[in-house]
Amino acid sequence: MKIFSMIMILFLIISSVAVSTIKNLLGAIIVFMVYSLMMTIVWQQLNAPDLAITEAAVGAGITTILFVLTLKRIKGVRK
Amino acid sequence: MKKILSIGITITLIIILLLGVSELPKFGQYNNPANNEVSHYYIEKTTKDTGAMNIVTGIILDYRAFDTFVESSVLFTASIIVLLLLKKEKHIQGIDNEVTIIESTILKQVSKVLIPCIQIFGIYIIFYGHLSPGGGFAGGTIIGTSFILYRIIYGKKFTDKTLPYSKLITYLCGAIMLYGVLKGYSFITGGNHLNLPQPSLGTPGSILSGGFLLPLNILVGLIVAITIYFFFTLFDGGEI
Amino acid sequence: MEGLMNNYYETGSIILFGIGFAILLLHNNLIKKIIGMNIMDTAVFLFFIAKGYVSGKDAPIIIGAHKGVQGYINPVPSALMLTGIVVAVSTTAFALALTVRIYEGYGSIELDEIIKMRSD
């Protein structure tokens, strides 16, 4: 379980660096949604089930919808 | 020049913070300074004082209930701000608003089965908030997502008859005021030991237990669901 | 070095905080700045929850008989950070509404173009 948690934190760091280097805005938002989902698994590893359910519903659901709707309003997909 | 300066500031910040982390006590020990007598009191006495089996729900809705009240008012303020910034006038003839329109028979037939299932799951998470993980926030988000799905599939005209704007604003303001009245009544009468009527604690383990926990969970879920629905409709075309 | 490898959760959370801060400073695009702010938020939550973990004990939900004080993890940090997640989504929604209005007023969302337009 210790190795699994270390691999999860390493994936988190790699995906947050990837958010910075991707130039396509829609791709960056989808990588951010993957970051939120991996954070949900880390919450479960730390024995906090309330936080896991709330982060899965809010972080990977509502925040992504709001970002995609903003992209539609500002009419831009590429940087 | 600006890039090198910002990366330099970031690396300095990380090094200073990591120097502090290297002197923290070991991760996961039982006798850390963070596990003091406050957490021991909460673990032992929650079921006796509040009647909840989920210790986290007992803390945020009974011992520290005004925390949750102010956080609900933060959500309420955010939805009012987005209303002020993005709401447009009534529909003017000839101007094309950018509302999402989907005409599809498959989506309409599938949603007749799917949307009630999503709502029942959300209502289950709210009602069992004090017996299993979940609570008002997660259940309210799930119900709000089912409203968003309904609006995407059936369009603006049809949804305005079922979920009109004036009724939703009345429910939102009424829910947050009722939360303040209920919890204020409970604190004032319980703190001064006046023997005024209060909901009973019941047997721990059944749904109708815990005094004020079940109504407060339902109110918080209602506030979150309406706020999430308002966020979607205002970002997607600016009309409710 | 030994302390950093034993507390790997706290070390990872500090590195994530630094990466989010760098994203906030480096990029000109307003959407990338808002994503960086969100990454900083979740890094602070991770640091706080890692302080409340006790190895080998259960989640703070009582099933059946009560196991006593020695059977559960610390419930206080989890209860405090539950409010924080909701406040983070409220801040993100407010920032995105401001971005939409800035685009309608100036026509672009790159920060140096907006500053150039304002100083004319």
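Between chain B and chain A, 14 residues of chain B are in contact with 13 residues of chain A, where contact means that the C-beta atoms of two residues, placed from the backbone, lie within 7 Å. Helix H6 (136–162) and helix H8 (213–235) of chain B each give two or more residues to the side that touches chain A, and H6(B) gives the most, with five residues. Helices are DSSP runs (H or I, at least four residues), strands are runs of E (at least two), and both are numbered from the N terminus.

This is a predicted model, in which local features need pLDDT of at least 70 and side-chain atom pairs count only at pLDDT 80 or more, while totals for chains, interfaces and linings use all residues. Residues are numbered from 1 along each chain as its sequence is written, and chains are lettered from A and ligands numbered from 1 in the order in which they are written.

Between chain C and chain B, 40 residues of chain C are in contact with 44 residues of chain B. Helix H1 (2–6), helix H2 (8–26) and helix H4 (76–106) of chain C give two or more residues each to this side of chain C; H4(C) gives the most, with 13 residues.

The table divides both sides by class; Ala, Val, Leu, Ile, Met, Phe, Trp, Tyr, Cys and Pro count as nonpolar, Asp, Glu, Lys and Arg as charged, and the others, Gly among them, as polar.

| Chain B, touching chain A | nine residues | four residues | one residue |

Chain B itself has eight helices and zero strands. Its C-alpha atoms fill a box of roughly 70 × 65 × 35 Å, taken along the principal axes.
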